[in-house]
Amino acid sequence: MLLKDQVAIITGGAGLNGLGFATARLMAAQGAKVAILDLERADPAGAAAQLGPEHIGLVADVTDKASCDAAVAAVLQAFGRVDTLVNNAGITQPVKTLEITGNDYDRILDVSLRGTLYMSQAVLPAMRQQQGGSIICISSVSAQRGGGILGGPHYSAAKAGVLGLARAMAREFGPENIRVNCITPGLIGTDIIKGKLTEEKKAEIAETIPLARLGCADDIAGACVFLASGLSGYCTGITLDVNGGMLI
Ligand code: NAD
């Protein structure tokens with residue numbers, strides 16, 4: 001088992017069809033104790049219960065620093081350590097530049113970018129004390145392509161910001177054996193795209209992807225387990241593209 005006796009926190013992990021829950025499930029199968037953090041309406045405790053009694057679900061809003069700190073304190077109380085943080089919480093909005101309001105901009109950047117900062121700040125003291133840890137930030141191919149199929153320019157900006165923030169943290173905390181890496185998923189069939197694309201449109205997109213299909217949540221979960229485990233022990237500051245070859 002790749003993550004035996006490790007503790008992993010996954011934000012935005014309560015949606016049973018989402019990338020976060022698939023990651024929680026695979027990490028649990030690899031021996032980790034998992035804490036799923038999500039908004040109350042997403043029922044993180046219910047999601048954790050699906051994984052088994054040794055895992056926990058906590059209500060946390062990643063845009064709220066006090067909420068992040070309290071959730072991490074609860075994880076440390078329950079499990080005594082934290083080895084991996086997956087900054088997965090994110091929201092999108094398919095609008096064009098001229099349609100973005102100040103509120104939209106704040107909302108999208110707050111969850112992906114501010115949330116990544118606050119959650120990282122919350123776990124770093126414990127990782128520092130343990131002399132090691134892995135922070136995994138879920139960015140998006142939208143950051144690299146300068147526009148997504150479903151995300152607006154503010155989403156691309158937020159996810160590009162995540163790449164910069166992660167690299168800066170990788171540089172800063174590398175000497176303390178805390179690795180920080182990003183994953184840039186392509187188009188993955190989760191609730192975030194549910195109802196937004198017709199089957200015809202999905203087939204049309206799949207034709208443009210070298211691996212000829214949309215991604216699935218488990219594709220991302222596998223990349224997260226790699227970055228959490230010792231298999232990636234000499235990787236920090238990297239961006240792992242999991243997009244079926246979309247950028248070739
Ligand atoms: P999802 O909607 O299932 O997951 C997002 C989760 O974030 C939800 O459970 C939601 O409740 C949670 N969340 C939202 N705001 C939050 C907040 N303030 N605090 C805590 N949790 C919050 O969608 P998903 O597709 O599984 O997305 C997971 C991540 O992957 C997101 O960051 C998304 O931007 C990114 N991503 C997804 C795709 C894709 O095609 N599905 C592609 C690239 C990147």
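These notebook entries record what I looked up in the structure.

**Basis.** I worked from a predicted model, in which local features need pLDDT of at least 70, side-chain atom pairs count only at pLDDT 80 or more, and totals for chains, interfaces and linings use all residues. Residues are numbered from 1 along each chain as its sequence is written.

**Overall fold.** I found eight helices and seven strands in the protein chain; helices (H or I, at least four residues) and strands (E, at least two) are DSSP runs, numbered from the N terminus. The radius of gyration is 17 Å, close to the 18 Å of the globule rule for 248 residues, so the chain is as compact as a globular protein of that length. This radius is taken over C-alpha atoms, and the rule is 2.2 Å times the number of residues to the power 0.38. The C-alpha atoms fill a box of roughly 50 × 40 × 35 Å along the principal axes.

**Burial and core.** I noted that 50% of the 248 residues are buried (20 or more other C-beta atoms within 10 Å of the residue's own, with C-beta atoms placed from the backbone). The largest nonpolar core has 72 residues, of which Ala8, Ile9, Met27, Val34, Ile220 and Cys224 touch the most other members. Such a core is a set of buried Ala, Val, Leu, Ile, Met, Phe, Trp, Tyr and Cys residues joined through C-beta atoms within 7 Å.

**Ile9.** I located Ile9 in strand β1 (residues 7-11). Ile9 is buried, because 29 other C-beta atoms lie within 10 Å. Beyond its neighbours within four places in sequence, its contacts include Ala35, Leu37, Val75 and Val123 (a contact being two C-beta atoms, placed from the backbone, within 7 Å).

**Helix α2.** In α2 (residues 44-51), I listed Pro44, Ala47, Ala48 and Leu51 as buried. Seen down the axis, these buried residues fall within an arc of 95°, so they line one face of the helix; the arc is that of the directions from the helix axis to the C-beta atoms. Their cover includes α1, β2 (33-38) and β3 (56-59). Just after α2, Gly52 takes a positive phi of about 130°.

**Ligand shell.** I counted 30 residues around the ligand, with Gly12, Gly15, Gly18, Gly90 and Thr190 coming nearest; a residue is near if its C-beta atom, placed from the backbone, lies within 6 Å. Helices α1 (19-29) and α4 (102-130) each supply at least two residues of this shell.

Conventions: A residue is buried if 20 or more other C-beta atoms lie within 10 Å of its own, exposed if 12 or fewer, and partly exposed in between; C-beta atoms are placed from the backbone.
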